[in-house]
Amino acid sequence: MFITFEGADGCGKTTQLVLLYEYFKAKGIDVLKTREPGAQGLGEKIREILLNYDGEVSDRCESFLFLADRAQHIDKIVNPAVASGKIVLCDRHIDSTVAYQGYGRGLDIPRIKMLNSIATNNIRPDLTFVFDIDVKTSMQRVGQEKDRMESAGFDFFNRVRMGYLEIAEQEPNRIKVIDATKSIEEIQKEVVKIVSELI
Ligand code: TYD
């Protein structure tokens with residue numbers, strides 16, 4: 001099973017991923033925690049460029065770097081883990097590119113989706129959580145120290161948020177929207193309930 005965690009920066013998805021990881025571990029379930037961009041090796045190098053490069057990066061180049069990282073990640077980490085029977089929990093995946101590069105940067109959304117299919121070889125998550133939060137709160141949570149992506153500004157993040165909600169409406173079976181303003185404990189209960197129903 002392949003479960004992805006999505007949402008704008010500062011939405012709390014990583015905290016929830018770690019809690020679900022620990023929940024599975026405690027039950028003796030074989031689980032892997034990973035992320036995009038930059039799970040390991042080559043991906044870490046791509047991540048470094050994406051988050052810290054201080055020269056100009058074109059929107060299309062940015063998209064291809066995320067997609068290159070994704071192809072490597074699917075081939076070398078996600079697929080082998082799923083094939084060996086592990087539950088894979090991934091911090092960001094295909095929907096980040098649709099939300100950030102499609103809705104956020106304004107690139108053509110059907111083309112981004114098509115490129116996602118090429119990068120993943122048509123592998124799709126079984127379940128995706130979108131942690132929804134208003135932009136003001138998420139930007140406060142991110143704070144002053146911003147990386148290249150986080151510096152994109154309020155309007156950009158508003159489009160990203162609206163993008164996630166629209167994607168979720170299009171695929172209600174796969175994507176579950178969680179109100180990320182609730183407490184960590186409340187959200188975790190909700191996440192565990194949804195995952196247990198699916199299992
Ligand atoms: P990261 O530090 O992992 O952010 P977070 O902790 O919020 O997940 O940085 C990843 C950044 O890259 C984040 O701002 C979202 C962005 N991103 C895209 O724009 N497109 C993508 O396809 C992916 C995977 C991430």
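**Cavities and the ligand site**

Mentor: In this predicted model, the largest cavity is lined by Gly 7, Ala 8, Val 130, Phe 131, Asp 132, Ile 133, Arg 161 and Tyr 164. Two elements, strand S4 (127-132) and helix H7 (154-170), each give two or more residues to that lining. S4 supplies the largest share, with three residues. Sorted by class, the lining of the largest cavity holds five nonpolar residues, one polar residue and two charged ones. The volume of this cavity is about 50 Å³.

The general idea behind such a search is simple. Rolling a probe the size of a water molecule over the atoms shows where empty space is left. In this structure, the count of cavities of 30 Å³ or more is two.

The second largest cavity contains about 40 Å³ of space. Its lining is made up of Asp 9, Ser 138, Met 139, Val 142, Glu 150 and Phe 157. Helix H6 (residues 135-142) gives three residues, the largest share of the lining of this second largest cavity. By class, that lining has three nonpolar residues, one polar residue and two charged residues.

Asp 9 leads on to the ligand. Besides lining the second largest cavity, Asp 9 is among the residues that come nearest to the ligand, together with Lys 13, Arg 92, Thr 97 and Gln 101. The ligand has 14 residues around it. In the side chain of Asp 9, a polar atom lies 2.8 Å from an oxygen atom of the ligand. Arg 47 also has a side-chain N or O atom 2.9 Å from an oxygen atom of the ligand. The ligand taken alone exposes 540 Å², and the protein buries 90% of that.

The space that the ligand takes up is the largest pocket. At least two residues of the shell around the ligand come from each of helix H2 (42-52), helix H3 (59-83) and helix H4 (94-104). H4 gives four residues, the largest share of that shell. By class, the shell around the ligand consists of five nonpolar, three polar and six charged residues.

Notes. Residues numbered from 1 in each chain as written. Predicted model: local features only at pLDDT ≥ 70, side-chain atom pairs only at ≥ 80, totals over all residues. Heavy atoms only, no water. Near = heavy atom within 4 Å. Polar contact = N/O pair within 3.5 Å; in protein donor to acceptor, adjacent residues only side chain to side chain. Areas by Shrake-Rupley, 256 points an atom, 1.4 Å probe, with all protein chains shown as cover. 1 Å grid on protein atoms, 1.4 Å probe; cavity = no way out; pocket = protein on both sides within 12 Å on 5 of 7 lines; lining within 4 Å. Sits in = over half its atoms within 2 Å of the grid points. Nonpolar A, V, L, I, M, F, W, Y, C, P; charged D, E, K, R; others polar. Points joined across faces, edges and corners; volume = space filled by probe spheres on them.
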